Amino acid sequence: MTLDLARLLLFPALMAFAAASDLFTMTISNRVSLALIAGFVVLAPLSGMGLQDILSHLGAGAALLAIAFACFAFGWIGGGDAKVAAAAALWFGFAHLMNYLLYASIFGGVLTLVLMQFRQWPLPYMLAGQSWLARLHAKESGVPYGIALALGALMVYPDTDWVKAIDAARFAMP
């Protein structure tokens, strides 16, 4: 049951934390990416994932890390976003990687459009004292893309073997 709880909660909780951190501080700590990697390294063998599958998941994470850092080099995304995206790809493997990227792109586009509109309006005086909101409202500020990455991940995660392998009957009340 502990393994099922870890598979059910660890990844979504870390992705939600990454989104909240990016929203409030416009940064995602390296600790979040490292925790996602450590969680995968511990849970993959405990969940019965074979060596070939583990290597395939590592390949997906490495491929997305290379692509994401190219995007970072061009200034399109932040470094924390690149690392979190790659760590999430590690959990998804190639089987779910394209769905993850599609959802993250859609949510990222919507988030960008909403922020562009939000930044056109004056910030109400009552809210101007909130430093995180003032930073989010600033036109020169970036887009907290960790939110889109987390939403995309949370859309795809229920379809993965991580969740499908959970015996939900164990959580039923007797």
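A: A residue is called buried under 20% relative accessible area, exposed over 50% and partly exposed in between, with a 1.4 Å probe and protein chains only. This is a predicted model, in which local features need pLDDT of at least 70 and side-chain atom pairs count only at pLDDT 80 or more, while totals for chains, interfaces and linings use all residues. Residues are numbered from 1 along each chain as its sequence is written, and side-chain values use heavy atoms, with hydrogens and water left out.

The protein chain holds 8 helices and 0 strands (DSSP runs of H or I with at least four residues, or of E with at least two, numbered from the N terminus). Its C-alpha atoms fill a box of roughly 55 × 45 × 25 Å along the principal axes, and buried residues account for 39% of its 174 residues.

Leu5 belongs to helix H1, residues 2-25. Because its relative accessibility is 34%, Leu5 counts as partly exposed. Together with Met1, Leu8 and Leu9, Leu5 forms a nonpolar patch on the surface, with about 350 Å² of accessible area in total (by the Shrake-Rupley method with a 1.4 Å probe, where only the protein chains shown count as cover). Such a patch joins nonpolar side chains (Val, Leu, Ile, Met, Phe, Trp, Tyr) within 5 Å, or like charges within 9 Å, from residues with over 30% relative accessible area and no salt bridge (a side-chain nitrogen of Lys or Arg within 4 Å of a carboxyl oxygen of Asp or Glu).

The loop between H1 and H2 contains Met26. Met26 has a phi near 60°, a positive value in a residue other than glycine. Most residues other than glycine have a negative phi. With 23% relative accessibility, Met26 is partly exposed.

In the largest nonpolar core, which has 40 residues, Phe11, Met15 and Tyr100 touch the most other members (a core being buried Ala, Val, Leu, Ile, Met, Phe, Trp, Tyr and Cys residues joined through side-chain atoms within 4.5 Å). At least two residues of this core come from each of H1, helix H2 (30-46), helix H3 (51-73), H4, helix H6 (131-137) and helix H7 (146-156). The greatest share, 14 residues, is given by H4.

H4 bends by about 120° at Gly93 (the angle between axes fitted to the seven residues ending there and the seven starting there).
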